[in-house]
Amino acid sequence: SQVARTPTATAVEFEGQSLTYQDLNTRANQLAHYLRGLGIGPGALVGILMDRSHDVVVGILGVLQAGGAYVPLDPAYPTERLAFMAADSGAKVLLTQDSLIESLPPHQAQVLCVDTNWDTIAQGPGHPPVSETTAEHVAVVIYTSGSTGRPKGVALCHRTMTNLIEWQARVQNTRSDSTTLQFASLSFDVSFQEIFSTLATGGRLLMVPESTRTDFLQLLDVIEQQGVQRLFLPFIALQQLANSAEEHGRVLPQLQEVITAGEQLKISESITRFMDHRSDGVLVNQYGPSESHVVSSYELRGSPAGWPTLPPIGRPIDSTQLYVLDARMEPVPIGALGELYIGGTGLARGYLNRPEMTADKFVPHPFSADPGARLYKTGDQARYRQDGNLEFLGRRDHQVKL
C-alpha cells in the first residue's frame, strides 16, 4: 500500500546509495519468486546472515513476500552459536553475501548469495507472488540470549507483528515521511519495529555500517548530517550517545523522538541535558520481552528536569493485556508487587521446537472466556501505580545481564 502511495520516495539509504519504495518492492518481489522456486512458502524458515546494507531489507521483505519466516543470524556471533541456531531452526535456505561465505557456520541449508546471484534473481517478476500466508503463520524467529540456558527460538506470527506496527504508526511522534536510523542488530527484535514502522508509513530508513553504529561520535555526525528525526536505542546506548553529545558540544535539534527498550531506563544527568535541547521532543520508554515484542509504552515530555529517575513502563499497547499476579495467579492490589503476565495479540506462538518450555511459560488465560487464550509468564516483577501505569521492579530470578 505504501509503495502505491509513494513509489518514488526514498525507502532505504545506505552509504549514499538509496532505493525508492518502488525499487525496494521490485527487488523484494524478485527475490520472493526466486525463493518460491527453492521451496520457500508458509512455514518455511530462511536464515539471514548479512552485513548491514540494502540487502538486509531486501532479504527480509523477500522472505516475507515469499510467505516464509526469517531467522536473523548476526555475523558477529560466535561460530558455535550460529551453527546451533542454523541447526535448531531447520532453515531451508541461508541468505548471505559473498564476503561472508568463508565464515559461515556448519549448516544443512541451501546458500544463496544475494549480491553475486542478483543478476539471476533479477530475472524474476517484479510483482509479488500469490500470497498463501495467513495472520497465524510465523513471520520471524528471534533467538533469545540464552541467559537462562540454551538459546531459544521465539516464533512470532504476522498477527503479533502487524498489531505492533499498526499501533506504532498510530502513536508515533514524528511525521510519516521522517528519517529513522536503523540502529539495532537484526538479531534484536527492535530491528523489526525500526524497519517496518518506517516503511509502512512512508519514512526513510537510514542504515549505517557496523563501524559507525558502534562509534558514537560518528553516529552523532550521521544523525546531524542526515537529519535523523527518530531513533530507537537501548538505555546503555542512549547513555553513551548523550555522553558523547555533551563531550563534543552537539545538540541535534532535529532529533524529535527517541524510543528506548530492552533494559530499564534511568534518567541520568547527561540524558536530562541531552533531551533538554528539544522542547517539543519526546523520550518513549517501551517494554516487552522477546516472547511478545513491545507490549507497553510511556512517554516523557516537557522539561526533563521533572522526569522521574526510573520512569514507569506505562500502559498496554493496542490489543494487549498486562496483569500483575501473585503466586496463585490472582491479581494483586494496586501498588502491590507481583509477577507481570502478558496476554492478547502480542504473544508469540511459542518457542521453536520446545513444546514443554512453551507450555511452561505460555499458560492458560484464567480471565478469558476464550478457551485457547494464553498468558505469558515474564518472570519480571512489577506493580500498578494509582495512575494506571506499570512500574518495572526487576527480575524474580537472579539473572545478571552483561
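Start with the buried side of H6 in this predicted model: His-158, Thr-160, Met-161, Asn-163, Leu-164, Ile-165, Trp-167 and Gln-168 are buried (under 20% relative accessible area, 1.4 Å probe, protein chains only). Helices here are DSSP runs of H or I with at least four residues, numbered from the N terminus. H6 has 14 residues and reaches 20 Å from its first C-alpha to its last, close to the 20 Å expected at 1.5 Å a residue (1.5 Å times one less than the number of residues).

Now look at what H6 (residues 158–171) packs on: helix H7 (residues 190–199), at an angle of about 60° and with the axes 9 Å apart. Axes are lines fitted to C-alpha atoms over the stretch in contact, and angles run from 0 to 180 degrees between N-to-C directions. That makes H6 oblique to H7 (angles under 35 degrees count as roughly parallel, over 145 as roughly antiparallel, 65 to 115 as roughly perpendicular, the rest as oblique). On the H6 side, Met-161, Leu-164, Ile-165 and Gln-168 meet Phe-192, Gln-193, Phe-196 and Ser-197 of H7, contact being heavy atoms within 4.5 Å.

H7 also crosses helix H3 (residues 54–66), at roughly 80° with the axes coming within 12 Å. H3 and H7 are therefore roughly perpendicular to each other. Val-57, Ile-60, Leu-61 and Leu-64 of H3 touch Ile-195, Phe-196 and Leu-199 of H7.

A word on conventions: residues are numbered from 1 along each chain as its sequence is written, and side-chain values use heavy atoms, without hydrogens or water. Local features need pLDDT of at least 70, side-chain atom pairs count only at pLDDT 80 or more, and totals for chains, interfaces and linings use all residues.

Notes
Helices (H or I, at least four residues) and strands (E, at least two) are DSSP runs, numbered from the N terminus. Buried means under 20% relative accessible area, exposed over 50%, partly exposed in between (1.4 Å probe, protein chains only).
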